[in-house]
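Hello,

Here is the structure you will be working with. Please open it beside this message and follow along.

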Amino acid sequence: MSNTPAADAVWLMYRRDLVLAFRHWDQVAQPVVFFAMVTTLFPLSLSPELGELRQLAGGVLWVAALLAALLGLEFLFRADHADGSLEQMLLSGQPLALLAIAKGAAHWTVCGLPLVLVSPLLAIGLGVPTDALCAVVLSLALGTGILSALGAIGAALTLGLRRGSMLLSLLVLPLAMPALIFGARAIDMAIHGDVTRGPLLLLGAMLVLALTLAPLAVAAALRISAE
Amino acid sequence: MWRGDRHVLRGISIDAAAGQMTHVAGPNGSGKTTLLRVLAGLLTPEQGSVIWQGRPIAADREAYSATLSYLGHSDGLKPEFTARENLAFEVGLRRKLEAAAIDEALERVGLTQSCDQPARSLSAGQRRRLAIARVQLTRAPLWILDEPFTNLDSAGVQRLSDVIAEHLDAGGAALIAAHQPPSVPRHAAHRLNLA
């Protein structure tokens, strides 16, 4: 009976989540505002001296982006779980892993992409030279993608718990550490005028790995959480 | 089957045949919902199996899911979406759907007036009707309905009974958990009592 091709179902799911997100503007804006706030706290608390800030810029941008991206993760499946549409999704006859990709992609579009887009502005505020902005954008684009994929696993696993958000952070942050190391390093190297190919390629490899394995893990976790 | 530390279902056998309605009855907490969730493939039984058309459902979950339509305690509707959008997205995952088909389904459950209202502003009964419209639109041969008559007014109960009768006439099967035996025109229900 299921005559919607899987590709159409994925597209429909992606669109559905985007439409839903844009009916909650406040939720969509939260991570970006948080990201901007946290990065501005550093010049206020450390020193407004651009030379000093530049030394920390990579780490500051990455830690702030990581925490901002975590904020939105909790909502990834929670509403669907609460109103029963997750059950309908499980029983839709479409491969659950593909629907999970669609949901993850939609989540990245509303939570990760805005962080990437505002990052050059915040980076300039931290004294990052314009030559290095490309590395900032690239490393955060790959990094938020990795975090969306890892975070989706955590969100699916903690779905059945009443207060899952703390556990979600504890689960996801350690997994995100390798990405943080190479991402912040890439920005640092770009600031010092080095070639950033190495860490960026590693980040790319991590993203591919996460995108390959996460959908299957998410699908399995969702089935368990739905019980 | 265990729920928490309680054994709720043991030694149960149930059959669904084309054109046949099975009424799952039993007091609160007797495991009606658990049984239906096992049959829908949402829960895995400790022992035993669910066989659909000669194959265990665990062999091909997606193919089995595509042949059934499940209505649980929660309606599975997005409160932010209008009635129309809810149907378009939920049913659209399963099959291609024209706008006319959605309008017709909404008319059948008596929701034409409120088709562009967000589901959050619908009453509980209206949401139930919308969920029934979804079940009907999926055109799945097997319907698993958990307390489908909850919150419905008498006109709604009548409409749902008609919809179920039509489904059975077309050769579909229905498993219904309800406290009252559903009175569906032209069809007698097989009764399974969980006590």
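**What was found**

Helix H3 of chain A covers residues 50–73, which is 24 residues. From its first C-alpha to its last it reaches 33 Å, close to the 34 Å expected at 1.5 Å a residue. H3(A) also has a bend of about 55 degrees, located at Leu56(A). Keep in mind that this is a predicted model.

**Chain A as a whole**

Chain A has nine helices and zero strands. Its pattern along the sequence is therefore written α-α-α-α-α-α-α-α-α. The radius of gyration is 18 Å, close to the 17 Å that the globule rule gives for 227 residues, so chain A is as compact as a globular protein of that length. Taken along the principal axes, the C-alpha atoms of chain A fill a box of roughly 60 × 30 × 30 Å. Of the 227 residues in chain A, 49% are buried. Among contacts in chain A with a separation of 6 or more, 81% are between residues 24 or more positions apart.

**Helix H9 of chain A**

H9(A) runs over residues 197–226. Its 30 residues should span 44 Å at 1.5 Å a residue, and the end C-alpha atoms are 42 Å apart, which agrees. There is a bend of about 35 degrees at Ala214(A), and a proline, Pro215(A), follows within four residues.

Which residues of H9(A) are buried? Among them are Pro199(A), Leu200(A), Leu203(A), Met206(A) and Leu207(A). Ala214(A) and Pro215(A), the residues named at the bend, are also on the list of buried residues. The buried residues of H9(A) pack against H4 (75–83), H5, H6 (96–125), H7 (133–157) and H8 (164–191) of chain A.

Leu211(A) also belongs to H9(A). Is Leu211(A) buried or partly exposed? A residue needs 20 or more other C-beta atoms within 10 Å to be buried. Leu211(A) has 16 C-beta neighbours inside 10 Å, so it counts as partly exposed. Leu211(A) and Gly104(A) are 107 residues apart in sequence, and their C-alpha atoms are 9.7 Å apart in space.

**Where chains A and B touch**

How many residues does each chain give to the contact? Chain A gives 23 residues and chain B gives 26 residues. On the chain A side, the elements that give two or more residues are helix H1 (6–22) and helix H5 (85–90). H1(A) gives the most to this side, with five residues. By class, the side of chain A that touches chain B has nine nonpolar, nine polar and five charged residues.

**A loop in chain B**

The loop between strand E7 (142–146) and helix H6 (154–169) of chain B contains Glu147(B). Phi of Glu147(B) is near 50 degrees, which is a positive value in a residue other than glycine. Glu147(B) counts as partly exposed because it has 17 C-beta neighbours inside 10 Å.

Asn151(B) is also placed in the loop between E7 and H6 of chain B. Phi of Asn151(B) is near 70 degrees, again a positive value in a residue other than glycine. With 15 other C-beta atoms within 10 Å, Asn151(B) is partly exposed.

Regards

Methods: Residues numbered from 1 in each chain as written. Chains lettered and ligands numbered in written order. Predicted model: local features only at pLDDT ≥ 70, side-chain atom pairs only at ≥ 80, totals over all residues. Expected span 1.5 Å × (residues − 1). Bend = angle between axes of the 7 residues up to and from the residue. Contact = placed C-beta atoms within 7 Å. Nonpolar A, V, L, I, M, F, W, Y, C, P; charged D, E, K, R; others polar. Buried ≥ 20, exposed ≤ 12 C-beta atoms within 10 Å, placed from the backbone. Rg over C-alpha atoms; globule rule 2.2 N^0.38 Å.
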